[in-house]
Amino acid sequence: MVEDKGNTIIRKAYAKINLALDVIRRREDGYHEVRMIMQTIGLYDVLTFTMCKSSGITVLTDKEELPGDESNLIYKAAKLIIEKYAVQQGVRIELQKNIPMAAGMAGGSTDAAAVFHGMNELFGLGMSEDEMCALGVKIGADVPYCIQGGTALSEGIGEILTRLSDAPACYVLIAKPDIDVSTKYVYENLHADSLTDHPNVDGMKAAIEGGDLHRMAEYMENVLETVTIKAYPVIEEIKDFMKSRGALNALMSGSGPTVFGIFEKEEEARKTYDELKEAGLAKNIFVTGWAGMPTEK
Ligand code: ATP
């Protein structure tokens, strides 16, 4: 979404969850080949872009623990674009961070993706989505998906995307326990070649294409749970908590530790939200839906 106020553009950067996540193998170059069903949810950061006459990149964030220096993916994306398109002016980007960090919801990647859309618009660069994705993958494997958004099958290292029809509407309860999980740690401890259980990604794809919410929920599976839940059993506790209170299913997103539960009824999702808060199992809790759908709120 883009709001234009002359030299300022405001853009939402949506978080994602993985409805299914499979790791096929570890490649010789160290990257993992994956097959994932991705979905954007109604939880987002807000980025404000302002064009400046003098050159240079300024990134300001509202979180002390997240500096706006060269390590920030927002800075990296802006630098890449300015160099590639020889942009003469400078840019100031302010970040309002709402997506929990190190959570498995691609908070950093989606901010980088928003920079591609935002700067494309602000400077009139005329980049196509494919061009943005080709540049975006240099920042991170999930960036091309975040540029595209919606429901998608993601393959390769994450850069081969197939757009799917919108996943069936539902309410989503998001809960992140008070732990930070490093994606690097999880992949390093995954024994991709000895995994015996794999999600039925094609089954889930068919369920989504057929608009069958129950079947979609049945196929929810994430091979990274084998690593993260072993280290942090509270993830399993939150999953069980949601399932015992009406969730069609519950799963860890990405490398974790965020858990999401799928609910058909809004009251059940909201009641479980209250109970989960009371139980003190999670630090950040939200009820939302798919990004851009009426259940988003
Ligand atoms: P993924 O689901 O892609 O594995 P994640 O949700 O686990 O991502 P992020 O929140 O995207 O993790 O970021 C992990 C680390 O990246 C942070 O701890 C932070 O140091 C760094 N980082 C750099 N730029 C950003 C940004 N704009 N937003 C969040 N994290 C950033």
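1. Five bridges tie strand E8 to strand E11 (residues 259-263), and the two run antiparallel. Strands pair here if DSSP finds at least two bridges between them. Ala175 faces Val259 in E11. Keep in mind that this is a predicted model: local features need pLDDT of at least 70, side-chain atom pairs count only at pLDDT 80 or more, and totals for chains, interfaces and linings use all residues. Residues are numbered from 1 along each chain as its sequence is written, and side-chain values use heavy atoms, with hydrogens and water left out.

2. Strands (E, at least two residues) and helices (H or I, at least four) are DSSP runs, numbered from the N terminus.

3. Is E8 buried or exposed? Six of its six residues (171-176) are buried, so E8 is largely enclosed by the rest of the structure. Buried means under 20% relative accessible area, exposed over 50%, and partly exposed in between (1.4 Å probe, protein chains only). Both faces of E8 are covered. Tyr171, Leu173 and Ala175 lie on one side, and Val172, Ile174 and Lys176 on the other.

4. Now move to strand E10 (residues 249-252). Both of its faces are covered too, with Asn249 and Leu251 buried on one side and Ala250 and Met252 on the other. E10 pairs with E11 over four bridges in the antiparallel sense. Ala250 stands opposite Gly261. The hairpin of E10 and E11 has six residues between the strands, and Gly254 takes a positive phi near 50° there.

5. Look next at Ser182, in the loop between E8 and H5. Ser182 is partly exposed, at 39% relative accessible area.

6. Which residues touch the most other members of the largest nonpolar core? They are Val115 and Phe116, in a core of 70 residues. A nonpolar core is a set of buried Ala, Val, Leu, Ile, Met, Phe, Trp, Tyr and Cys residues joined through side-chain atoms within 4.5 Å. H2 gives the largest share of this core, seven residues.

7. The largest pocket has a volume of about 1200 Å³. On a 1 Å grid over the protein atoms alone, a pocket is an open set of points where a 1.4 Å probe fits, with protein on both sides within 12 Å along at least five of seven lines; lining residues have an atom within 4 Å of a point. Grid points are joined across faces, edges and corners, and the volume is the space filled by probe spheres set on the points. The lining has 44 residues, and Ser109, Ala141, Asp142, Thr183 and Lys184 lie nearest the centre. By class, 21 are nonpolar, 15 polar and eight charged. Nonpolar covers Ala, Val, Leu, Ile, Met, Phe, Trp, Tyr, Cys and Pro; charged covers Asp, Glu, Lys and Arg; the others, Gly among them, are polar.

8. The second largest pocket has a volume of about 380 Å³. Of its 25 lining residues, Tyr14, Thr40, Gln148, Gly149 and Gly150 are closest to the centre.
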